[in-house]
Amino acid sequence: MKYSVKEIRAVESRADGLVIGVFEGELEKGDFEDLDKALNGRLADTAKRRKFKGKRGQVMPLETMGALPAGYVVVVGMGNRGDSTSEPYRFASAVAARAVKSAGVRSCASALVSLAGSDEEAEMIAQAAVEGTRLALYNFDTFKKEKSPVKLEEYVILAQGAKAAAGKGMKRGAVVADAVMLARDLINTPANYATPTYLGNQAAALGKKHGFKCTIHGLKAIEKMKMGGLIGVAKGSQEEPRFIVMEYMKGPKSQKPIVMVGKGLTFDSGGISIKPSLNMHEMKSDMSGGAATIAVMTAVATMKLKVNLVGLVPATENMPSGTATKPGDVLTGLSGVTMEVLNTDAEGRLILSDALAYAGRYKPDCTVDFATLTGACMVALGAHCSGLFGNDDELVGQLQECGMRTGDRLWPLPLFQEYEDDIKSQVADIANIGPRGGGASTAAAFLKRHVTGKWAHVDIAGTAFSDKEKGYIRKGGTGAGVRVMLDFIIRRVGLE
Ligand code: BES
Ligand code: MN
Ligand code: ZN
């Protein structure tokens with residue numbers, strides 16, 4: 001898809017499809033008013049007939065029948081004005097993109113930037129518009145004979161008086177959307193293709209192409225490093241584990257790196273504590289944190305940001321077999337902490353413990369991990385935000401803010417001392433499960449034992465994979481974590 005910015009008014013646009021946005025109850029203003037005049041009142045009439053009020057998600061397509069250079073107008077509802085985050089623009093652009101797609105339009109112009117009150121807002125809207133449009137049109141057809149390529153070839157942002165700002169947002173949006181789609185592709189690729197070896201190879205290829213260093217550790221190296229958690233989980237599988245280390249050190253020498261860690265469980269059957277078969281196929285998505293990490297590295301390198309960033313992905317399958325770790329076994333992680341495996345399905349924390357301990361070697365500014373860690377987090381928060389934990393209030397606060405700004409939302413959950421007490425073991429330093437309640441927090445408490453320095457943990461169990469189509473979310477992998485982490489990195493090092 002080709003993106004560009006034009007400094008013309010909506011009525012002048014020659015694109016096949018023209019998208020305009022209206023806030024609830026604010027019809028008869030701005031672009032709507034202009035276009036309505038050019039269409040001899042047909043826009044307002046149609047809105048009345050179809051009860052279009054500008055509610056969030058409402059959409060009203062209309063043929064212009066020669067009255068305008070554009071062939072087809074799509075009016076989208078923005079919901080209530082008031083909150084100044086990017087999400088309404090992203091969502092509205094996605095809704096419009098779906099309408100445009102079903103009309104088979106090849107070129108599309110968006111006038112959403114005309115709703116901006118400042119250059120800063122113009123940039124934010126342009127970025128959100130590109131993200132929402134591109135992500136709504138995402139399609140995973142690698143394994144289908146009949147492909148459905150995106151028909152929309154040209155996307156134009158109309159930005160009168162804000163060309164530079166909109167251009168900047170548009171460029172950022174294109175890179176961010178590509179990164180989210182890269183994560184989605186990795187997640188959606190079935191586990192018999194997307195093995196730990198495959199993830200490592202993909203990371204290496206992306207590193208070569210976009211300019212970050214990638215070191216792949218195989219089983220021997222993992223054993224030599226004494227990553228007991230990762231070894232213990234990988235033992236049940238025929239697939240060799242990988243420990244993927246990605247380094248992008250283009251920031252000032254004096255700047256401590258940010259370390260991103262992502263759970264790379266390419267298939268979670270539960271192991272000996274096997275999962276029920278219903279929806280087990282969705283556990284190909286248990287590497288979503290790892291996918292987000294690879295995608296973020298790729299985007300940061302593509303944008304040539306002046307930051308020091310490290311990405312770590314422990315990758316393995318969790319399978320039952322004669323060689324698998326058994327309930328009651330004790331593993332010694334890289335941190336030296338001994339871990340009693342009371343349930344082999346609580347494997348994510350075992351592999352993450354080694355990656356978090358490894359992160360300490362970089363003496364990082366902070367470590368942030370993303371993991372599809374607990375069903376409990378999904379029960380607590382649903383799909384509307386990811387769970388957020390940490391040992392540093394400022395870091396947690398910043399991440400929460402970035403979540404609101406990008407629409408890739410995170411919400412804090414507690415990590416009280418009591419949760420750490422909950423994972424005491426009879427025979428080892430800690431057990432890998434706690435009592436029935438508070439599963440998301442006891443999992444976070446487990447991770448905390450392996451961490452040095454400032455750290456945050458994001459549980460994306462409820463957000464990483466969708467069984468519904470909604471706005472720019474397609475069924476399957478969502479790419480949760482990519483947008484919020486990219487925004488966080490840029491702000492943490494003061495690039496914005
Ligand atoms: N990968 C799962 C968590 C998960 C469940 C993610 C559903 C997405 C959707 C994780 O490894 C797991 O199995 N967790 C267990 C932990 C329990 C045994 C303490 C869980 O949440 O049931
Ligand atoms: Mn599991
Ligand atoms: Zn898992």
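**The zinc site**

The site of the zinc ion (ligand 3) is octahedral, with angles of 78 to 176° among its six donor atoms. Octahedral means six donors, with opposite ones over 155 degrees apart and all others between 65 and 115. Donors are N, O and S atoms within 2.8 Å of the metal (3.2 Å for Na, K and Ca), and water is not among the atoms, so sites may look incomplete.

This is a predicted model: local features need pLDDT of at least 70, side-chain atom pairs count only at pLDDT 80 or more, and totals for chains, interfaces and linings use all residues. Residues are numbered from 1 along each chain as written, chains are lettered from A and ligands numbered from 1 in written order, and side-chain values use heavy atoms, without hydrogens and water.

Which protein donors does the zinc ion have? Lys263 (NZ), Asp268 (OD), Asp286 (OD) and Glu347 (OE), at 2.0 to 2.4 Å. Their spacing along the chain is K-x4-D-x17-D-x60-E. Aspartate 268 also coordinates the manganese ion (ligand 2), 3.1 Å from the zinc ion. Aspartate 286 and glutamate 347 are both buried, meaning under 20% relative accessible area, with exposed over 50% (1.4 Å probe, protein chains only).

**Helix H2**

Now H2, residues 42-49. Helices here are DSSP runs (H or I, at least four residues), and strands likewise (E, at least two), numbered from the N terminus. Leu43, Ala44, Thr46 and Ala47 are buried. They line one face, because they fall within an arc of 165° seen down the axis of H2. That arc uses directions from the helix axis to the C-beta atoms. On the other side, Lys48 and Arg49 are exposed. After H2 comes lysine 51, with a positive phi near 55°.

Terms used:
Four donors count as tetrahedral if all angles lie between 85 and 135 degrees; four count as square planar and six as octahedral if opposite donors are over 155 degrees apart and all others between 65 and 115; anything else is irregular.
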